[in-house]
Amino acid sequence: MDRARRTRSALVGGLAALGLAIAGLATGGTASADAAPGAKDTGSRAATGTQAAGTEAAAGARAVPKHAVTGYWQNFNNGATVQKLSQVQNQYDIIAVAFADATGTPGQVTFNLDSAGLGGYTVDQFKADIKAKKAAGKSVIISVGGERGAVAVNSSAAATNFANSVYSLMQQYGFDGVDIDLENGLNSTYMTQALKSLRQKAGSGLVLTMAPQTIDMQNKNNEYFKTALNVKDFLTVVNMQYYNSGSMLGCDGKVYSQGSVDFLTALACIQLEGGLAPSQVGIGTPASTRGAGSGYVAPSVVNNALNCLAKGTNCGSFKPSKTYPGIRGAMTWSTNWDAANGNAWSNAVGPHVHGLP
């Protein structure tokens, strides 16, 4: 996700999936959706305590709902509808402000409101809108990364700088937490250190989300997946980006192409059977065809995938061997592209997510 529409090659994804298949790195090889050897039945292992941690409220903020909709709000104008935070559609429970900026200090981030690009939107108005969204029961978090993000946490010092600077932004603007959208590499050791330090500072109300690419969550040895598992005691949700991807492996060892309900369900199954609680898994899709280079699916496909995972209905050729009624929900890039498309995504997916069992 970035200021410009991202256009990773589908060929890259297909080759990556093929390589992983040859290497035997898929989590499971049958339709039973079991996790990798030694990790069976871990799909619900983290549920006790994890969902509570992910839904406890920070001071002045309501708990994240059991089933939640996440949307990225663009702090820039790239042709989508320019919005003030106050104009974000009410269906969004978590609003991720995109993006924090790197500084010259390793790991440190800052935030610069693009007032000029947003029609004169002032910092005071922005802060007031965050406060109002929180009063309405929403969580507003700061997203770090994007396709062109240059934030790197590759040392203990950088981890400390990251935690301190994110916490400072939370205090300065009223953010409820942070979204990790690092698309150019992630070190699980130091990012884990940074996030645990941030949790100590912010307390149990910290809202922590992640938006890995599909390749980042193909197996538990990937740095992103390891980070998610390392912080699962307080992780709110992983909203993987099911777009700009190409073909990838599902949890049954078969290769699936983006743009289908099977792609959403068979890849979500890897996370669900790989150690994350259902409440920590969400489906991320573009709000319109203009929101991504590839992988757009109609909102009805998102809803079908959620039904398949939560209730075992509306599945495609892939059907998980069990249901995950606690699945958290869905995410989109972005609230701005959603608005440009008449809020079609949130009007369809939002009520559906909130109506899950």
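In this predicted model, helix α10 (residues 344-354) has Trp345, Ser346, Val349, Gly350 and Val353 buried. Viewed down the axis of α10, the buried residues fall within an arc of 110°, so they line one face of the helix. The packing partners of these buried residues are β1 (68-74), β10 (281-286), α8 (299-311), β11 (329-333) and α9 (335-340).

The largest nonpolar core contains 99 residues. Phe126, Phe162 and Ile180 have the most contacts inside it. Helix α7 (residues 261-272) supplies the largest share of this core, with nine residues. Beyond its neighbours within four places in sequence, Phe162 is in contact with residues including Val109, Val144, Ile180, Met191 and Leu195.

Aromatic rings were examined next. The whole structure holds 15 aromatic pairs. In one of them, the ring centres of Phe126 and Tyr173 are 5.8 Å apart and the planes are at 70°, so the pair is edge-to-face. Phe126 belongs to helix α3 (residues 123-135) and Tyr173 to helix α4 (residues 156-173), so the pair ties together parts 47 residues apart in sequence. Both Phe126 and Tyr173 are buried. Tyr242 and Phe263 have ring centres 6.2 Å apart and planes at 85°, so this pair is edge-to-face. Tyr242 lies in the loop between β7 (237-241) and β8 (248-249), while Phe263 lies in helix α7, so the pair ties together parts 21 residues apart in sequence. Tyr242 counts as buried at 1% relative accessibility. Phe263 is buried at 0% relative accessible area.

One aromatic cluster is formed by Trp73, Phe111, Tyr121, Phe126, Tyr173 and Phe175. Lys127 lies over the face of Tyr173, 5.5 Å from the ring centre.

Methods: Residues numbered from 1 in each chain as written. Predicted model: local features only at pLDDT ≥ 70, side-chain atom pairs only at ≥ 80, totals over all residues. Heavy atoms only, no water. Core = buried A, V, L, I, M, F, W, Y, C linked by side-chain atoms within 4.5 Å. Buried < 20%, exposed > 50% of the residue type's maximum accessible area, 1.4 Å probe, protein only. Helix = DSSP H or I, 4+ residues; strand = E, 2+ residues; numbered from the N terminus. Contact = heavy atoms within 4.5 Å. Arc of directions from axis to C-beta. Phe/Tyr/Trp six-rings, centres within 6.5 Å; stacked < 30°, edge-to-face > 60°. Lys NZ or Arg CZ within 6 Å of the ring centre and 35° of its normal.
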